Amino acid sequence: MLASFFILLWLAPTTANAEWFRAESANFVVYSEGEESDLVGRVRQLEEFDRLLRMMTGTEAPPSPNKLNIYMVRGRGQLDRILQSSAGLGGFYAPSPDGIVAVVDQGWREDWMTHEEVLLHEYSHHFMMQYFPASYPAWYVEGFAEYLATIRFADAMLEIGRFNPARASWLADRSGWLPLDTLLFGDPTRLNGAETAKFYAQSWLLVHYLMRDADRRGRLARYLAAMTAGAEPRTAFAEAFATDVSTLQREISRYGGTGMTYSRLPRISAAEAAEVEVVRLAGVPDELILARASLQLTWTPKVTDRFLGRALGAADGDGALARRVRARAEALYGDGAAADRQLDSLLAEAPGDVELLYLKGMRHLVAGRRDEAARARHFAEAKRWFVRAHRADENHFPTLYRYAESLSLEPDFLSENTSNILLLAHQIAPQVEEIAMTAANVLIRRGEYDRAAALLVPVGASRHRGRMRQAAVALLAKAQARDNRDLPDPFAFPDPDE
């Protein structure tokens, strides 16, 4: 369900039909149109889900300092204006060097998944990689998210271990199951559409089977620990589960037919419900919210004049949000002088705003990328603004990452200081593959091959973003061979849509 993230143009403007709201809690910033009370309830449910995940996993880590931005849109038309092709998607999750965004179509429902399940599935991915970053087998990554996506929020109880009817129906014909050997050890990116559906359903059933028994949970934990340590998958499986694939296949089949269970836990009381701060975005049109979401996904130099024109058209107004969206569009894709006018005006009102300081840095970083002759001057100016942004918020990982890029022309770029900056950005946002790749590239150049390999293994094992995975595998081969010759640009990556 992880969609590739890519900024592309949205469709023709439409008139806003309802007011938008911005709701903020400990872990989330959610934009939605509709009823304020519905949004508050949804955000509190997300916080309750986060609390449940913390209880299930035993993490005591504080919330991420970078809250997850979620856009609750209505209909494929709005989703398409953020992500060009949303066919078959109820939403997507997009971690990038410039922020982490999730978008869910709250008007979408297919037979195989509701939009509520889409959101819980994607947040499960986010939670796993935020608090337990490691190299996991693909079946566990997707099965874990599927298992948690079916949690039901009843009036007074949480029900854990329920099933999705469509996923379950795909398992009715056991003759069509993927061989368990394929599920456990195969490459899921090579599966066709029907096989991929089976992959998700069988991954869910396998995780359900392992999670519903204390002994099996312990064996799963040992298996995942061995995989994270780099063990050979078949050896790790045999040692952790003390069985063979054929026997496990029969046990899972029998479990799916007669042995499935679920749990019920009391929900938190109204007094314990998360605090949610809501701002009514009065008069803000749909297109402005959708433009903001699209501009938050990631920065890429491959955009069109049409994209920029529509972004600026959506931000044609004097409201605070319109001014910020216009400043971001100009800084990343438009005219540097126009970006300065917008940002300087906004900074005069909010001189310590980390987003505005960051965009001032990006304005010069982008200009330096475009103009080789003036690159050194622009990168030096970008560095100055990123220092100010870091002072405003030391946990803003996009600032850390782009600050490292602003150092790339300096003689001591490969210093320990640079690698520490990148590693800190990775620690704060371990979901972002580009940050892991850049940090690994710098570590290889410094001769720290083992540390680089540890960062690259999870990216190389991902079942998404094929060309990024291939680039990670190639870089991992360099680290394993202890070869730091002919490395790619640390800040250049395959296009996000490829």
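## Close-up views of a predicted model

View 1. Residues are numbered from 1 along each chain as its sequence is written, and side-chain values use heavy atoms, leaving out hydrogens and water. The structure holds 18 aromatic pairs; rings of Phe, Tyr and Trp (its six-membered ring) pair if their centres lie within 6.5 Å, and planes under 30 degrees apart count as stacked, over 60 as edge-to-face and the rest as tilted. With ring centres 5.7 Å apart and planes at 45 degrees, Y136 and Y140 form a tilted pair.

**View 2. F413 and F491 form another tilted ring pair.** Their ring centres lie 6.2 Å apart and the planes stand at 50 degrees. The two partners come from distant parts of the chain, 78 residues apart: F413 sits in the loop between α17 (397–406) and α18 (416–428), and F491 in the segment after α21 (466–480). Helices (H or I, at least four residues) and strands (E, at least two) are DSSP runs, numbered from the N terminus. F413 counts as buried at 9% relative accessibility, and F491 does so at 7%.

**View 3. Ring pairs build a cluster.** Which residues belong to the cluster linked by ring pairs? They are Y136, W139, Y140, F144, F185, Y223, F237 and F241.

**View 4. An open sheet of 6 strands runs in the order β4-β5-β3-β2-β1-β11.** Its pairing is mixed, where two strands pair if DSSP finds at least two bridges between them. The edge strands β4 (91–96) and β11 (277–281) each pair on one side only. Strand β1 (residues 20–24) runs antiparallel to β11, joined by 5 bridges, and E24 has E277 as its bridge partner there.

**View 5. Strand β5 is mostly covered, with 7 of its 7 residues buried.** G99, V101, V103 and D105 are buried on one side, and I100, A102 and V104 on the other. β5 pairs with β3 in the parallel sense over 5 bridges, where M72 has V104 as its bridge partner. With β4, the pairing is antiparallel over 6 bridges; P95 stands opposite I100, and a hairpin joins β4 to β5 through 2 residues.

**View 6. Helix α11 (residues 286–297) packs against helix α13 (residues 320–333).** Their axes are 10 Å apart and meet at an angle of about 35 degrees; axes are lines fitted to C-alpha atoms, for helices over the stretch in contact, and angles run from 0 to 180 degrees between N-to-C directions. The contact (heavy atoms within 4.5 Å) involves L288, I289, A291, R292 and L295 of α11 and L321, A322, V325, R328, A329, L332 and Y333 of α13.

**View 7. I289 is found in helix α11.** Is I289 buried or exposed? I289 is buried, with a relative accessible area of 0%. Beyond its neighbours within four places in sequence, I289 is in contact with W20, Y31, Y71, L281, V284 and L321. Although I289 and W20 are 269 residues apart along the chain, their C-alpha atoms are separated by 8.3 Å.

Technical notes: This is a predicted model: local features need pLDDT of at least 70, side-chain atom pairs count only at pLDDT 80 or more; totals for chains, interfaces and linings use all residues. Buried means under 20% relative accessible area, exposed over 50%, partly exposed in between (1.4 Å probe, protein chains only).
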